[in-house]
Amino acid sequence: MKLLYMQKTLFNAVLGIVLEIVYTAAIMLVSYVVCLALYFRQWS
Amino acid sequence: MVLKPNLDDIKNICFYLGKIMLGLSLTMLLPLMVGVLFGEYNAALDYLIAGEITAITGLLLIFLCRNDKEMSWMQGMIVVSLTWIVAMLAGGFALYLSGHFKSFLDACFETMSGFATTGLTLCQDMDHLPYAHQFWRHVTMFLGGQGIVIVALSFFVKGSSGAFKMYVGEARDERVLPNVISTSRFIWLVSLVYLALGTVTLGSIGLLNGMRAHNAFFHGACVFMAAFDTGGFTPQSQNILYYHSFAYEVATIVCMLLGSINFKLHYQVWTGNRKELFKNIESSALFVSISLLFILVAAGLERSGTYSSAITLFRKGFYQLVSGHTGTGFQTIYAQQFVNEWSDLSLVAVVFAMGLGGAICSTTGGIKMLRLGIIYKALREDIKRIILPEKAVVVQKFHHIKDIFLEDKQVRSALLITVCYFLLYIVGALVGMIFHYPFLDALFESTSAAANVGLSCGITAPGMHPLLKLTYIFQMWAGRLEFMSVFALAGFFVAAVKGK
């Protein structure tokens, strides 16, 4: 039972870390799209 | 009527200060061990001397002022503000012995910059600084990011009543767990888990880029400590530019953003409440704020034609913006390029980003996202009151871990701290202007110091006027403690002179 609880805790923590990294990646992606949009406007 | 502090007040303050000094002296064992490991015996001796002096002073204070009295709020705040000054002097002494600083003031500036997670540096010939001193510079950031008092709380302070007063005094007004000592330990857990992951990631990138194994992982650990604790020191004078690596830049952006997230939010996300990351007012505000400010930065840089491709604009513009917004201070451009190559629009956007900062109860400085969110919600409430019929009931709420109804006292507190920050930014800029720096440059450097960022447009240098150094030290200290403890210390001295 204790092992099961520990596994669940660990699973939640790992998933949490992955989600936080995805959040930072989303911020980067939005800004990169802004860069692309600016330069696309320049080329067109 | 103001009451004059009595001997018991002073004894209680000194007793807790002694405990924290003892804790601080133990942290000096880390650079000492690094010195021994790398065969730098002179540098190791510097930490032996500084650590011994700090430990003996701490023990003397504990034995001379031992008492069982409960700590008051005022005493807790004063202990915190004095702790940061004592830590600056003790840590600065060790750095001064390295011979890489022009004066003791410069070494103190460096240590305050480290503890306050600012990242402005006055170190000379940094590229040849011994590993032990490099490690200490980065450890100060790691300790300061968590909070020096939290370090002591986790290991030395028994009983949570006095602990909570010091915890609040160190600008942490939120508890992750019901018990403040458990909260401190959770903060350490998050930091250490990410330290392991970050060191391995950055070290591996360094290895792939051709660095030697021990150097790659030493740099990885140092850069991670500075990135996650939103500090900004690096082991090289060229800062992140030294690595010339896109992967290194992306990895440090992730670390910086993770460091600017509230520890309470980390707890929620790590314990299964994953939706909180998207609902929380702070994470949403940070997302929106970075995106909007980046549009300004990018527009400014595109119009000035500074960078010729989208990827270069992203690598230079976005990196400096995130570094400023999270309060880290890593740079991938030279300080002078801010002034000579960046347009005023981009510079102003970075100044705004620095001033705003990250989340409350994180390692960042500045006004912080929760306060920004509260002010925005209050503004919306007032506008609604004007637009809607007089009899309409206007209720505004925001989500921060749970739904919270907006109250006047929250708005008042958020506005007060925001005004204090703005005043601190402006006062620093005025002092800079007295020394003949242009307004925007002076404002940039002042905001960087007061919001504990560390980006520099070139003003911070060993040759700068001592008064300006003292101003920036004060700004870093007051900004990191979010004013209350500083006001308490000032109040204590006023009471000592004018009290009855």
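This is a predicted model: local features need pLDDT of at least 70, side-chain atom pairs count only at pLDDT 80 or more; totals for chains, interfaces and linings use all residues.
Trainee: Which residues have the most contacts inside the largest nonpolar core?

Mentor: Residues are numbered from 1 along each chain as its sequence is written; chains are lettered from A and ligands numbered from 1 in the order in which they are written. A nonpolar core is a set of buried Ala, Val, Leu, Ile, Met, Phe, Trp, Tyr and Cys residues joined through C-beta atoms within 7 Å, and buried means that 20 or more other C-beta atoms, placed from the backbone, lie within 10 Å of the residue's own. The largest core has 153 residues, and those with the most contacts inside it are Leu17(B), Met112(B), Leu321(B) and Val350(B).

Trainee: Which helix of chain B gives the most to this core?

Mentor: Helices are DSSP runs of H or I with at least four residues, strands runs of E with at least two, and both are numbered from the N terminus. With 13 residues in the core, the helix that gives the most is α4 (residues 73-96) of chain B.

Trainee: How many of the 24 residues of α4(B) are buried?

Mentor: From its first C-alpha to its last, α4(B) reaches 35 Å, close to the 34 Å expected at 1.5 Å a residue; that span is 1.5 Å times one less than the number of residues. The helix is mostly covered, and its buried residues number 19.

Trainee: Which residues are in contact with Met112(B), leaving aside its neighbours within four places in sequence?

Mentor: Two residues are in contact if their C-beta atoms, placed from the backbone, lie within 7 Å. By that test, the partners of Met112(B) beyond those neighbours are Met88(B), Ile473(B), Met476(B) and Trp477(B).

Trainee: What is the radius of gyration of chain B?

Mentor: Chain B has 22 helices and two strands. The globule rule, 2.2 Å times the number of residues to the power 0.38, is compared with a radius taken over C-alpha atoms. For 500 residues the rule gives 23 Å, and chain B is close to that, so it is as compact as a globular protein of that length, with a radius of gyration of 22 Å.

Trainee: How many residues of chain B are in contact with chain A?

Mentor: The predictor gives the complex an ipTM of 0.88 and a pTM of 0.90. On the side of chain A there are 19 residues in contact, and on the side of chain B the number is 24.

How values were computed. A residue is buried if 20 or more other C-beta atoms lie within 10 Å of its own, exposed if 12 or fewer, and partly exposed in between; C-beta atoms are placed from the backbone.
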